[in-house]
Amino acid sequence: MKSDVIAAISTPRGEGGIAIVRVSGQGALRIGKQVFRRARQPFRAKPWRVYLGEVMGQDAEPLDECLFTYFRGPRSFTGEDVVELSLHGGSFVAGRVLEVLLTKGARLADPGEFTKRAFLNGRLSLAQAEAVIDIIRSESDAALRNAGKQLRGLLSNEVKDMRAHLLQVMAHLEAQLDFPEHDIPDLTRAAVATRLIQVGDMVAKLAATVRAGRVAREGLRVVLAGRANVGKSSLLNSLAGQERAIVTAQPGTTRDTVEAQVNVNGVLVTLIDTAGLRESEDMVEKIGMKRTLQALDNADVVLVLLDGSEPLQEEDYELLNLTRERQRVVLLTKADLAICAELPTGVEALAVSAKTKQGLPALGGQIADMAVRAVSGEGALLITNLRHSRILVETQSLVTAALDTVGAGWEIELVATDVRLAYERLGEITGETISLDVADAIFAEFCIGK
Amino acid sequence: MSVESVYCGGDFDCIVVGAGHAGCEAAHAVARMGLSVALLTQSVEAIALMPCNPSVGGPAKGHVVAEIDALGGLMGYAADMSFVQMRTLNTGKGPAVQALRAQTDKRLYQQTVREVLEKTPNIRIVQGSVVEIVVEAGQVKGVRTHTGTLYLAKTVIVTTGTYMESKVIIGSSTVASGPNGLLPSYGLAANLRALGFSLGRLKTGTPPRIHRRSIAFDRMEEQRGDEGYIRFSRRSVRLDPVQLSSWLTYTTAATQEIIRANLHRSPLYAGLIAGRGPRYCPSIEDKVVRFADKERHQIFLEPEGYDTAEVYVQGFSTSLPEDVQVSMLRSVIGLEQAEMIRPGYAIEYDFIDPTQLTLALESKMYEGLFFAGQINGSSGYEEAAGQGLWAGINAGARATGRPPFILLRSEAYLGVLIDDLVTKGTGEPYRLMTSRAEHRLLLRFDNAEARLLPKGVEAGVVASRELARLRQDEETVIHWKEYLEQRKVSPQESGLEHTTTAAALLRRPEITWGELMRVAPELAEVVVHLAQRIAIEVKYAGYIARQCDVVERFQRLESKAIPQGVVYSEISGISLEAREKLAHVQPRSYGQASRISGVSPADIAVLMVYLEKPHG
């Protein structure tokens with residue numbers, strides 16, 4: 001395929017050991033060579049070799065030491081000629097080099113354009129491209145392992161297996177409909193139902209890993225809930241600070257929540273503080289309550305914070321009541337002060353103090369346990385992709401609909417039609433059923449340089 | 001030979017080559033559009049001949065007949081006027097797979113069609129064998145017959161059926177012959193090749209016919225026609241005929257033994273036949289070999305007409321030697337004394353690869369040149385007739401400068417049929433089945449007129465006065481549907497605990513229209529021909545709505561256009577085979593592209609990403 005030359009910095013922004021500028025397309029070698037100078041001239045770049053030299057700026061002044069690698073198409077990531085310039089870390093030098101490349105005839109790559117070209121040139125399948133996103137994004141061992149499984153085709157195999165079952169049912173039913181005078185043995189309703197239940201179970205089992213898959217990819221969501229001034233922010237800070245591997249600490253998506261991500265035993269944990277939720281006045285009180293409920297809904301684990309230094313208040317009881325059915329840890333904060341709170345019977349609590357660190361190691365251990373349990377799941381494969389999980393949930397309801405059709409005694413034509421719908425929908429995961437949004441959805445998730 | 005020095009038989013808007021089921025529908029459609037047409041046939045006796053089974057309709061096929069009828073075609077009318085038995089198959093299996101099937105009197109059928117054609121002013125029936133398609137600068141000009149006569153026309157529709165270079169094979173005997181001992185068509189195949197068409201070879205077959213008096217009917221199961229039968233066409237007028245029965249019997253272990261012992265004498269297994277046969281209509285020897293563990297196979301004995309003793313042995317198609325055929329027949333329960341009138345045979349013939357045609361069934365190479373029927377690789381009278389009608393309308397459109405007439409897969413079985421053929425091509429005689437239609441719940445027998453009649457009027461093949469009748473029907477349907485929703489049914493009437501509506505009652509799977517009528521006797525007022533549609537549209541409303549969602553998804557793929565002139569060869573992410581196929585078919589939409597065989601969904605994904613690239 002004829003294509004123009006694209007260039008981009010392929011390593012993350014910010015400080016780092018090295019920065020790589022990637023150039024791809026017909027003419028990548030010519031453009032790459034214009035910014036590179038080797039001690040010994042002339043420079044004949046053999047493919048798949050690494051050369052040490054200097055990278056030069058706009059006025060041919062040396063900018064940095066540089067490793068030059070040429071991958072000749074089609075044996076390269078994109079399937080085109082690719083040049084990679086490895087520089088000393090830091091985005092400043094890389095940025096300068098990129099600017100020079102752009103003046104020499106390269107164009108700044110679009111988000112995901114390298115991967116897209118790899119895909120267009122047959123170097124990656126759609127499913128693999130999807131897995132590549134997951135690998136790039138994975139921030140924990142669990143997520144990485146799972147993306148690897150997907151890249152190797154585990155998910156495709158499982159989907160194909162389920163579809164084969166559905167196809168068998170369809171073939172039998174359709175034969176009865178199209179060849180009414182060919183004494184084809186009827187597939188009984190009971191037999192159809194048995195097969196459908198079997199497939200339904202398979203789909204359900206896979207769909208059930210969605211939560212574990214999300215935990216693997218986005219982390220275990222731990223929500224800190226409690227009255228104002230109960231000590232949520234201090235606890236969050238101590239928990240985050242206690243772990244060395246802070247990934248990010250930034251204001252959350254809404255103004256009212258603060259999130260921190262920590263890596264606990266190879267599993268990502270997102271701590272979410274609902275700070276400020278109940279600090280507004282009268283009317284807003286209700287809205288605040290609504291937000292708390294929302295935050296709780298999205299939580300994998302709730303830390304219920306009660307101020308240990310004073311008697312429990314009405315709101316505390318309400319919160320305990322709200323979280324009764326949830327996976328939670330009840331904490332009595334400010335354990336460095338005298339404990340005055342009296343817990344309702346049946347509620348156990350851990351006394352913690354952000355000041356003295358009392359109880360924090362034990363809490364950390366409990367969270368870690370829950371995190372590991374959440375991703376270990378039942379199956380070998382976890383569903384981490386939103387698109388996949390949506391399709392599985394839809395398939396599940398289509399299989400249920402088919403079972404209802406069988407059970408209610410509707411004619412086999414309608415059963416066959418329902419089964420076909422489930423079969424088609426399931427195929428969207430592997431791309432066996434074509435849907436217009438697949439390609440768009442996948443490449444929209446990439447960022448520049450990938 | 002220059003055009004001026006030869007005898008010219010006339011100048012027409014359209015010439016139809018062949019007067020089988022495709023050719024007759026084609027000629028009639030062109031004539032209905034007010035255009036002049038010459039119908040050329042090798043034998044006037046063979047017009048609308050049924051050389052195989054004496055029946056019309058069945059699942060999917062019956063639906064096509066209803067669609068042909070809605071578009072003003074002949075087949076439904078002719079079947080109504082010539083049936084000896086009418087039955088609805090698949091009752092109780094679902095609303096959209098119920099299928100009308102007529103056993104016909106073959107001669108009466110032919111006579112009916114021939115009469116209609118002869119009485120149509122714009123049609124000129126001519127006996128002659130076409131050996132050459134005359135073209136000039138990528139444009140069809142006419143045809144030449146074996147006697148050298150030239151016929152000129154704006155458009156030509158080729159419908160040679162199974163006659164082109166055909167051979168009939170029985171055992172070790174191979175004879176150049178068309179079906180039923182008719183002349184094959186020579187020369188045209190070579191001419192088409194010279195014009196650049198790619199041709200292939202297919203095979204089909206027919207069973208033996210036996211004498212009625214040699215059958216022990218008392219040892220068989222009688223199959224009668226329906227008493228309150230329905231018809232294919234609203235245009236047919238015929239007093240209720242006496243219906244003839246068919247008979248069901250079975251092969252025996254002896255049949256299997258005879259076949260196995262004589263397999264080496266089968267031309268199929270001896271390698272005498274090069275063409276591929278139809279999987280969905282296998283010969284009896286094929287069935288015995290492929291389903292070795294099946295102890296017996298069903299055989300239906302079907303009368304060939306009122307005034308003939310010949311009986312068709314359905315399910316017994318064979319090309320084994322004559323002596324084997326006789327012993328095989330006599331091993332069937334009740335056929336111990338069978339008197340064979342005609343032996344079964346296999347027939348091999350040339351067809352053109354239909355992917356060389358557009359969705360209008362027009363050649364991609366020559367403007368005005370159309371192909372329809374078995375020459376396109378299909379099998380069955382109904383599939384042929386449907387293509388003939390389609391090609392006829394499109395030839396008429398071409399001759400008058402109208403846009404092509406194309407129905408989508410979600411609109412008609414005809415759309416499924418044509419799209420399958422020209423998009424996927426075929427390696428065996430193609431048979432239409434309800435399972436090929438993704439949206440069959442919407443493509444029902446009962447709503448064929450509602451779906452297609454307005455399109456027929458628009459295309460000029462249906463008189464516009466018929467629209468008034470349709471509008472009246474639609475009002476009646478709406479009226480009764482509303483009535484059913486509002487009609488209260490008391491617990492006394494229904495035997496249920498609560499008061500409900502007639503519609504809600506009908507939506508219970510176990511309640512049929514007939515049963516509802518017992519609860520609400522006033523429903524007897526609903527005219528018979530609309531009752532089925534009203535009942536289905538109310539009873540299955542939920543399922544129909546769901547199917548409409550699917551159609552919407554489908555339409556999105558169909559309406560997402562692929563620009564013409566894509567250089568497929570440069571998209572290296574697409575497999576080599578798929579690149580070639582895409583370049584050959586030049587699909588108009590992603591939907592069509594996705595149905596090309598050899599083009600995988602992964603290829604389509606690459607194509608989508610390639611075409612939506614922001615920097616072009």
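These notes go through a predicted model, taking domains, sheets, a pocket and some backbone details in turn.

1. Domains of chain B. Here the assignment gives domain 1 (209-346), domain 2 (466-547) and domain 3 (560-611). The centres of domain 2 and domain 3 of chain B, taken over C-alpha atoms, are 46 Å apart.

2. The seven-stranded sheet of chain A. This is an open sheet with mixed pairing, and its strands follow the order β3-β4-β5-β6-β2-β1-β7. At the edges are β3 (36-37) and β7 (107-108) of chain A; each has a single partner strand, so one side of each has no neighbour in the sheet. Within the sheet, β1 (residues 6-9) and β2 (residues 18-24) of chain A are antiparallel and are joined by four bridges. A:Ile9 faces A:Val21 of β2(A) in this pairing.

3. Loops on either side of β5 in chain A. Two backbone details deserve a look, given that most residues other than glycine have a negative phi, and most peptide bonds are trans. A:Ala60 lies in the loop between β4 (50-56) and β5 of chain A. Its phi is positive, about 65°, although A:Ala60 is not a glycine. A:Ala60 has 43% relative accessibility and therefore counts as partly exposed. In the loop between β5 (62-71) and β6 (82-88) of chain A sits A:Pro74, and the peptide bond from A:Gly73 to A:Pro74 is cis, with omega near 5°.

4. Strand β12 of chain A. How many residues of β12 (residues 301-307) of chain A are buried? Seven of its seven residues are. Both faces are covered: A:Val301, A:Leu303, A:Leu305 and A:Asp307 are buried on one side, and A:Val302, A:Val304 and A:Leu306 on the other. A:Asp307 is the entry to check by eye, as it is listed among these buried residues.

5. Partners of β12 in chain A. Strand β8 (residues 220-226) of chain A runs parallel to β12(A) and is joined to it by five bridges. The bridge partner of A:Val222 in β12(A) is A:Val301. Strand β13 (residues 328-333) of chain A also pairs with β12(A) in the parallel sense, over six bridges. There, A:Leu303 stands opposite A:Val329 of β13(A). Five of the six residues of β13(A) are buried.

6. A:Glu130. This residue belongs to helix α4 (residues 126-137) of chain A. Is A:Glu130 buried or exposed? Its relative accessibility is 3%, so A:Glu130 counts as buried, the cut-off being under 20%. Along the chain, A:Ala147 is 17 residues away from A:Glu130, and 8.9 Å separates their C-alpha atoms.

7. The four-stranded sheet of chain B. The order in this open sheet is β11-β10-β19-β12, with antiparallel pairing. Its edge strands are β11 (173-176) and β12 (199-206) of chain B, each of which pairs on one side only. On average, neighbouring strands of this sheet are turned by 25° against each other, direction ignored. β10 (residues 167-170) of chain B runs antiparallel to β11(B), with four bridges between them. B:Ile169 is placed opposite B:Thr174 of β11(B).

8. The second largest pocket. This pocket holds about 1200 Å³ of space. Its lining has 47 residues, and those nearest the centre are B:Ile230, B:Val528, B:Ala531, B:Gln532 and B:Arg533. Elements giving two or more residues to the lining include α2 (61-70), β5 (99-104) and α11 (448-459) of chain B. Which element gives the largest share of the lining? α16(B) does, with nine residues. By type, the lining comprises 25 nonpolar, 11 polar and 11 charged residues. Domain 1 (209-346) and domain 2 (466-547) of chain B each supply at least three lining residues.

9. B:Gln586. This residue is in the loop between α18 (576-585) and α19 (590-594) of chain B. Phi of B:Gln586 is positive, near 50°, and the residue is other than glycine. With a relative accessible area of 28%, B:Gln586 is partly exposed.

Notes:
Residues are numbered from 1 along each chain as its sequence is written. Chains are lettered from A and ligands numbered from 1 in the order in which they are written. This is a predicted model: local features need pLDDT of at least 70, side-chain atom pairs count only at pLDDT 80 or more; totals for chains, interfaces and linings use all residues. Side-chain values use heavy atoms; hydrogens and water are left out. On a 1 Å grid over the protein atoms alone, a cavity is a set of points where a 1.4 Å probe fits but cannot get out, and a pocket is an open set with protein on both sides within 12 Å along at least five of seven lines; lining residues have an atom within 4 Å of a point. Grid points are joined across faces, edges and corners, and a volume is the space filled by probe spheres set on the points. Ala, Val, Leu, Ile, Met, Phe, Trp, Tyr, Cys and Pro count as nonpolar, Asp, Glu, Lys and Arg as charged, and the others, Gly among them, as polar. Domain bounds come from an automatic or database domain assignment. Two strands pair if DSSP finds at least two bridges between them. Axes are lines fitted to C-alpha atoms, for helices over the stretch in contact, and angles run from 0 to 180 degrees between N-to-C directions. Buried means under 20% relative accessible area, exposed over 50%, partly exposed in between (1.4 Å probe, protein chains only).
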